[in-house]
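Let's take a walk through this model together. Keep the sequence and the 3D view open side by side as you read.

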Amino acid sequence: MKEQVLAVQRMQDYIEANKTEEISLSDLARASLFSPWYSYRLFRDCLGLTPTEYIRKYRLTQAAKRLRDGKVKVIDAAFDAGFSNVDTFTRAFYREFGLNPSVYTKNPVPITFFIPYGAKYRELRKENTDMSNIQPIFIQVVRKPERLCIIKRGRQAADYFPYCEEVSCDVWGILMSMKSLCGEPVSMWLPEKYKKPNTSTYVQGVEVETDYMGMIPEGFDTIRLPEAEYLMFQGPAFREEDYCEAIRTVQAAMDSYDPSVIGYLWDDENPRIQLEPRGERGYIELRAVRRIQK
């Protein structure tokens, strides 16, 4: 991987580790191991944002998460996000999300959270992966209740990267702003019966109660999913830079697994579900099953 990409990643890691502190270009330069001028240019060219713009978006999203969950007052969110007064924070919040923080606190509608995708992950999809060192996979039966899923359809994508190219990665930021039955957004591969003509197999969405009365973001759709059992496949913890290998390892284990050994058959009438790859918990994917009738 190019040293310049790793330098940008080090700056992102520094921002994450010091998210409540004042961060100068000199600080980022020390993290990147390049000059301030070159660090600034690398950051902007790689991520499409200046360091100041990136930090502002990142901190506004952190503030929005706390306001959504009712964990902080607007004035405290403003100061914690590094703003000197509430008026400046309110203007910045409005420019970023299109509504005032006081309004959002009372009615946390879906907005687009800023997701700080790591620079190095953009390069990983281009690299070959060594699958020779297969790790143990944890398998568990879980039951999901009947639910609605608010989804964003693509055009023809069958996996994550083509989907992002079709609809943009901002979809995940919107979904992260919405409360979910399982605590986080999901990605899914839809069976034909849940697809619309000329739309993608792969979608991203958020699971909500069947009586959900909240806002549906523009351009999103809903599907109703039945109560169903799933086999959850969870790989071991992994380094973030190894996330492609972690996904392929779990998917290889799922493809070779025979659920009849525990009394089940695959149920391909329900979507296959993917959770966000997070190194600290391992990669997780769920595939629906049904019990073998005796």
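**From a loop to a strand**

Start with Leu-33, which sits in the loop between helix 2 (25-32) and helix 3. Helices here are DSSP runs of H or I with at least four residues, strands are runs of E with at least two, and both are numbered from the N terminus. A word on what you're looking at: this is a predicted model, in which local features need pLDDT of at least 70 and side-chain atom pairs count only at pLDDT 80 or more, while totals for chains, interfaces and linings use all residues. Residues are numbered from 1 along each chain as its sequence is written, and side-chain values use heavy atoms, with hydrogens and water left out.

Leu-33 counts as exposed because its relative accessibility is 64%. The cut-offs are simple: buried is under 20% relative accessible area, exposed is over 50%, and partly exposed is in between (1.4 Å probe, protein chains only). In helix 2 itself, Asp-27, Leu-28, Ala-29, Ala-31 and Ser-32 are buried. Their cover includes helix 1, helix 3 and helix 4.

Now step into helix 3 and find Ser-39. Ser-39 is buried, as its relative accessible area is 0%. A polar atom of the Ser-39 side chain lies 3.4 Å from the backbone oxygen of Phe-34. If you skip residues up to four places away in sequence, Ser-39 touches Met-11, Ala-29, Ser-32 and Phe-34. Contact, here and below, means heavy atoms within 4.5 Å.

Ser-39 also belongs to a helix-helix contact. Helix 1 (residues 3-17) and helix 3 (residues 36-47) pack at an angle of about 95°, and their axes are 9 Å apart. That makes helix 1 roughly perpendicular to helix 3. From helix 1 the contact uses Gln-4, Ala-7, Val-8, Met-11, Gln-12 and Ile-15, and from helix 3 it uses Tyr-38, Ser-39, Leu-42, Phe-43, Cys-46 and Leu-47. Sorted by class, that gives nine nonpolar, three polar and no charged residues. For the bookkeeping, axes are lines fitted to C-alpha atoms, for helices over the stretch in contact, with angles from 0 to 180 degrees between N-to-C directions. Angles under 35 degrees count as roughly parallel, over 145 as roughly antiparallel, 65 to 115 as roughly perpendicular and the rest as oblique. Nonpolar covers Ala, Val, Leu, Ile, Met, Phe, Trp, Tyr, Cys and Pro; charged covers Asp, Glu, Lys and Arg; the others, Gly among them, are polar.

Next up is helix 4. The axes of helix 4 and helix 6 (residues 86-97) come within 11 Å and cross at roughly 95°, so helix 4 is roughly perpendicular to helix 6. Helix 4 brings Lys-57, Leu-60, Thr-61, Ala-63, Ala-64 and Leu-67 to the contact, while helix 6 brings Phe-89, Ala-92, Phe-93, Glu-96 and Phe-97. Those residues divide into eight nonpolar, one polar and two charged.

What about the aromatics? A search of the whole structure finds 13 aromatic pairs. In one of them, the rings of Tyr-54 and Phe-114 have their centres 5.2 Å apart and their planes at 90°, so the pair is edge-to-face. Tyr-54 is in helix 4 (residues 51-68) and Phe-114 is in the loop between helix 7 (101-106) and helix 8 (119-124), 60 residues apart. Both Tyr-54 and Phe-114 are buried. Rings of Phe, Tyr and Trp (its six-membered ring) pair if their centres lie within 6.5 Å, and planes under 30 degrees apart count as stacked, over 60 as edge-to-face and the rest as tilted. There is also an aromatic cluster formed by Phe-83, Phe-89, Phe-93, Phe-97 and Tyr-104.

Last stop: Arg-287, in strand 9 (residues 284-291). Is Arg-287 buried or exposed? It is buried, because its relative accessible area is 17%. The Arg-287 side chain makes a polar contact with the side chain of Asp-268 (3.3 Å). A polar contact is a pair of N or O atoms within 3.5 Å; within protein, one must be able to donate a hydrogen and the other to accept it, and residues adjacent in sequence count only if both atoms are side-chain atoms. Leaving aside neighbours within four places in sequence, Arg-287 is in contact with Tyr-230, Leu-231, Met-254, Trp-266, Asp-268 and Arg-272.
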